[in-house]
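Please keep the sequence and the structure in view while reading.

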Amino acid sequence: MSMTFREKSLWITLAGLGLTFGGYFYSAHLTSLHLPVEKDLAPHHAGLFIGATAVLVLILVAGHIVIAVFDRRTEPDERDRSIELRAGNYGAFVLATGVFFALCAAVVTEGNAIMAHVLLGFWVLAEGVEIVCQLALYRRGA
């Protein structure tokens with residue numbers, strides 16, 4: 001069974017999220033090892049985030065151009081919408097859990113750095129869960 005345009009798009013998005021925000025969190029961790037403990041977000045965090053977002057956009061645009069050249073896109077049908085809705089429920093649960101943990105982190109830590117990174121991390125995780133669920137549902141033929 002060959003992959004549809006939508007499945008290829010999901011794989012590109014998952015890879016892009018993993019590469020860019022994996023790199024963001026790795027870089028944020030490395031820079032925090034060499035700097036004094038920060039309670040609030042620093043300008044270098046904003047630069048890392050903007051850089052990661054720019055790289056993500058470039059990966060997504062280039063990847064979608066490549067698959068658009070080799071595969072024709074079809075309009076989403078009822079099955080696509082059903083899969084998106086079901087997977088979105090799982091992603092929303094992960095995101096809500098992340099908001100809870102970020103609020104807990106805000107209560108027990110000083111500053112906003114931990115809370116912001118917990119929120120960003122769970123947002124990326126929620127997107128990843130949603131994409132993986134969609135891919136699993138497409139493979140299962142749901």
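The buried residues of helix α3 pack against helix α4. Helices here are DSSP runs of H or I with at least four residues, strands are runs of E with at least two, and both are numbered from the N terminus. Buried means under 20% relative accessible area, exposed means over 50%, and partly exposed lies in between, with a 1.4 Å probe and protein chains only.

The model is predicted, so local features need pLDDT of at least 70 and side-chain atom pairs count only at pLDDT 80 or more, while totals for chains, interfaces and linings use all residues. Residues are numbered from 1 along each chain as its sequence is written, and side-chain values use heavy atoms, with hydrogens and water left out.

Which residues of α3 are buried? They are Asp80, Ile83, Ala87, Gly88, Gly91, Val94, Gly98, Ala102 and Ala105. At the start of this helix, a side-chain oxygen of Asp77 comes to within 3.3 Å of the backbone nitrogen of Arg79. This can be set against the cut-off for a polar contact, a pair of N or O atoms within 3.5 Å; within protein, one must be able to donate a hydrogen and the other to accept it, and residues adjacent in sequence count only if both atoms are side-chain atoms.

Two of the residues in α3 can be followed one by one. Ala87 lies in α3 and counts as buried because its relative accessibility is 0%. Contact means heavy atoms within 4.5 Å. Leaving out residues up to four places away in sequence, Ala87 touches Glu130, Cys133, Gln134 and Leu137. Val94 is also placed in α3, and its relative accessibility of 14% is why Val94 counts as buried. With neighbours within four places in sequence set aside, Val94 is in contact with Phe122, Leu125, Ala126 and Val129.

On the side of α4 (residues 113-140), Gly128 is part of the helix. Gly128 has 15% relative accessibility and therefore counts as buried.

Glu7 lies in helix α1, which covers residues 5-34. Is Glu7 buried or exposed? Glu7 is buried, because its relative accessible area is 2%. Beyond residues up to four places away in sequence, Glu7 touches Ser2, Leu135, Tyr138 and Arg139.

In α2, the buried residues are His45, Ala52, Leu56, Gly63 and Ile67.

| Helix | Residues | Number of residues | First to last C-alpha | Expected span |
|---|---|---|---|---|
| α2 | 43-70 | 28 residues | 41 Å | 40 Å |
| α3 | 78-108 | 31 residues | 45 Å | 45 Å |

**Distances between C-alpha atoms**

Gly128 and Thr13 are 115 residues apart along the chain, and their C-alpha atoms are separated by 8.8 Å. For Ala87 and Gly47, 40 residues apart in sequence, the C-alpha to C-alpha distance is 32 Å.

**The whole protein**

The protein has four helices and zero strands, and along the sequence the pattern is α-α-α-α. Its C-alpha trace spans about 50 × 30 × 20 Å along the principal axes. Of its 142 residues, 27% count as buried. Among contacts between residues at least 6 apart in sequence, 85% join residues at least 24 apart.

How values were computed: The expected span of a helix is 1.5 Å times one less than its number of residues.
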